[in-house]
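Here is a briefing on the structure shown below.

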Amino acid sequence: MDPRIALKTFIETELLGGASGAELGYAEDLLLSGLVNSLGIMRLVSFTEQRFGLQIPPEDVIIDHFQTIDALARYVEARSA
Amino acid sequence: MHYLLHHALDNAALRFPEHDAMRFGSSRLTYAELSQRSNQLAQLLHDQGIGHRDRVGVFLDKCLETPLAIYGIMKAGAAYVPLDPRSPVSRLVSIIRDCGLKGIVSQDNKAGVLRDVAAEQDILEFVVGVSAGLSDRVRSLSWSALDGFTGTSAPVVPVIDQDLAYVMYTSGSTGAPKGIMHTHFSGLSYARMSAATYDVGHADLLSNHSPLHFDMSTFDYLTGPLCGATTIIIPEAFTLFPANLAQLIEAERMTIWYSVPFALIQLLLRGAIEQRDHSALRWVLYGGEPFALNHLRALMERWPHARFSNVYGPAEVNQCTYYHIPPASEWSSDMQSVPLGVVWDNAEGLILDANDRPAAPGELGELVVRTPTMMRGYWARPELNQRAFFRRELFPDYVDTFYRTGDLVRVGENGLLEFFGRMDHQVKVRGYRVELAEIDAVLTSHPAVEEGATYVVTSTEGDRIDAAVSLRHGQRVEAAELLAYVKARVAQYAVPQRLRFVEAFPRTGTGKIDRKALQQKEW
């Protein structure tokens, strides 16, 4: 299954609390507008680890992998391959 | 003679014209460029009617335009007023009105928010840095408008060092933010004293981790230029990713780090710093809140070449004490927390009891401080200014003015000041200063809410604020709706993470809501 769906649902409902109203795009920059804060990143890391059965080492928690849902999905797929 | 903050910048431009003053990503501003560009901005602001004693907002994400804005504004004779780029519109509007801002320096990606601000009645005259139109009453000028000015010199304005240099807004307990007024004298005194305490020189590379509206940024933007040092402006996204931050510290060979403990703990736990070369770091300064000893010890072991210092001082006095922390091997076994240390040079500290008399040696009391780095007062808050200071009259009509920190301290047996908490409901959450009473007031202003109270929950992911609310009889409202209501009115870092409904609040003996009981309750 496309990992983007689960990631998008988690970010929208858990991190943004459904408060933003607008729908999140897969290519939308999560960091630029302060959409996701530092606690949010940590929760996103633990969710991604649990949902996809991964261990994400600290050196992989970087902007390149978390800037967009697309980027995180690519990382998940590369790790799962 | 230099007696204004921008004199210090222009002096650095004479001494080190080609030296980098500021870096941001792959871009940089040398001292000559920063001096000349800030002259251009000052000329533009002058052209827009800004002069002596005006206030101008700075509404920017972290970027190279930030130092340009603050020095351009000061050179125009005005005071800069940092505006949190994450603030909801209503909070921006209340600060703009409270401080009477005529103009704001900003950037294109803020056009949407600024349009909402400009839609208000009788607000602002102009915005610099935005190309798009905002409203028919508020002029907008793009950054390229600077090119129309020579920048060979700044406008001549008769500013003296007692005039305002910047006004920083912070959480106020009544629900309205309050502006801490600093003059060129207090700002430059802080820059000089911090430079001397940490021996800052032009070869230093400073970490600008704090956003501009956070008072720790004055070290990066004022002390740095005083010394001709280079300040590395750290992009917001890097502050969310410790591994990127660790890489940046290495790549830029930063020599002085300054942030809240939270950022350092993140670096320690998630920055993979054992894989990095941080040998250039010579000072690690932290402030804003206490540092958990286990994490501090671990970080000091990772960076044995760096000296660590606990910086303490409310934004009202910039800084007033320091403690250079000895190696962990020299810590006494009964140490509970890092001491605040000693009051720094050119400052006098007193510890007062409940009757404003000096506390007995070793007794707990409120720390009050007299120092040239002290604020002038809160902007347009006469009642607050009455209460904010302790006035000591040693001789007839000879009065010394001390700022009341509201912090409870005592002098330990080792002669060092120790911190014991607050006298009011001000808290620090990941270093940000928040008045819980402000959030309570906002919650209670919702028509469905009978009473609301907020409290701090500590966790390994960093502290957070939670809220408990009781509803008026017969009223119903969702937690998400109440949280959205608060979010639209307070700073982003003050928004509760979780909200719970209660039938009745736990009370103290005097009938007040018992925050401690809320904090300890198993929900």
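The area buried between chain B and chain A is about 1600 Å². Carbon and sulfur atoms give 64% of that area. The model is predicted.

**Interface between chain B and chain A**

- The contact involves 17 residues of chain B and 17 residues of chain A.
- Between chain B and chain A there are 0 salt bridges.
- Polar contact links 2 residue pairs across the two chains, counting pairs with both residues at pLDDT 80 or more.
- On chain B, helix 8 (236–240), helix 9 (242–252) and helix 10 (261–270) each supply at least two residues of the side that touches chain A.
- Helix 10 of chain B gives the most to that side, with 4 residues.
- By type, the residues on the side of chain B that touches chain A are 8 nonpolar, 5 polar and 4 charged.

- B:Val127 sits in strand 6 of chain B, which runs over residues 126–128.
- B:Val127 has a relative accessible area of 1%. Buried means under 20%, so B:Val127 is buried.
- Leaving out residues up to four places away in sequence, B:Val127 touches B:Ile104, B:Ser106, B:Leu114, B:Leu134, B:Val138, B:Arg139, B:Ser140 and B:Leu141.
- B:Arg430 is 303 residues from B:Val127 along the chain, and their C-alpha atoms are separated by 32 Å.

**Cysteines**

- The structure holds 0 disulfides over all chains.
- B:Cys99 is buried, at 0% relative accessibility.
- B:Cys320 is also buried, with a relative accessible area of 0%.

**Salt bridges**

- Over all chains, the structure holds 33 salt bridges.
- Side chains of opposite charge can pair when their charged atoms come close.
- B:Lys102 and B:Asp54 form a salt bridge through their side chains, at 3.3 Å from N to O.
- B:Lys102 lies in the loop between helix 4 (89–99) and strand 5 (103–105) of chain B, and B:Asp54 in the loop between helix 2 (31–47) and strand 3 (55–58) of chain B, so this pair ties together parts 48 residues apart in sequence.
- B:Lys102 is partly exposed, at 26% relative accessibility, whereas B:Asp54 is buried, at 12%.
- B:Glu435 forms a salt bridge with B:Lys178, with the closest N and O atoms 4.0 Å apart.
- B:Glu435 belongs to strand 24 (residues 432–435) of chain B and B:Lys178 to strand 9 (residues 178–183) of chain B, so the pair ties together parts 257 residues apart in sequence.
- Both B:Glu435 and B:Lys178 are buried.
- B:Glu348 and B:Arg370 meet in a salt bridge between side chains, at 2.8 Å from N to O.
- This pair links distant parts of the chain: B:Glu348 is in strand 17 (residues 348–352) of chain B and B:Arg370 in strand 18 (residues 365–370) of chain B, 22 residues apart.
- B:Glu348 is partly exposed, at 23% relative accessibility. B:Arg370 is partly exposed too, at 32%.
- A network of salt bridges links B:Asp20, B:Arg23, B:Arg28 and B:Glu252.

Conventions:
Residues are numbered from 1 along each chain as its sequence is written. Chains are lettered from A and ligands numbered from 1 in the order in which they are written. This is a predicted model: local features need pLDDT of at least 70, side-chain atom pairs count only at pLDDT 80 or more; totals for chains, interfaces and linings use all residues. Side-chain values use heavy atoms; hydrogens and water are left out. Contact means heavy atoms within 4.5 Å. Buried area is the accessible area (1.4 Å probe) that two parts lose on being put together, summed over both. A polar contact is a pair of N or O atoms within 3.5 Å; within protein, one must be able to donate a hydrogen and the other to accept it, and residues adjacent in sequence count only if both atoms are side-chain atoms. Ala, Val, Leu, Ile, Met, Phe, Trp, Tyr, Cys and Pro count as nonpolar, Asp, Glu, Lys and Arg as charged, and the others, Gly among them, as polar. Buried means under 20% relative accessible area, exposed over 50%, partly exposed in between (1.4 Å probe, protein chains only). A disulfide is a pair of cysteine sulfur atoms within 2.5 Å.
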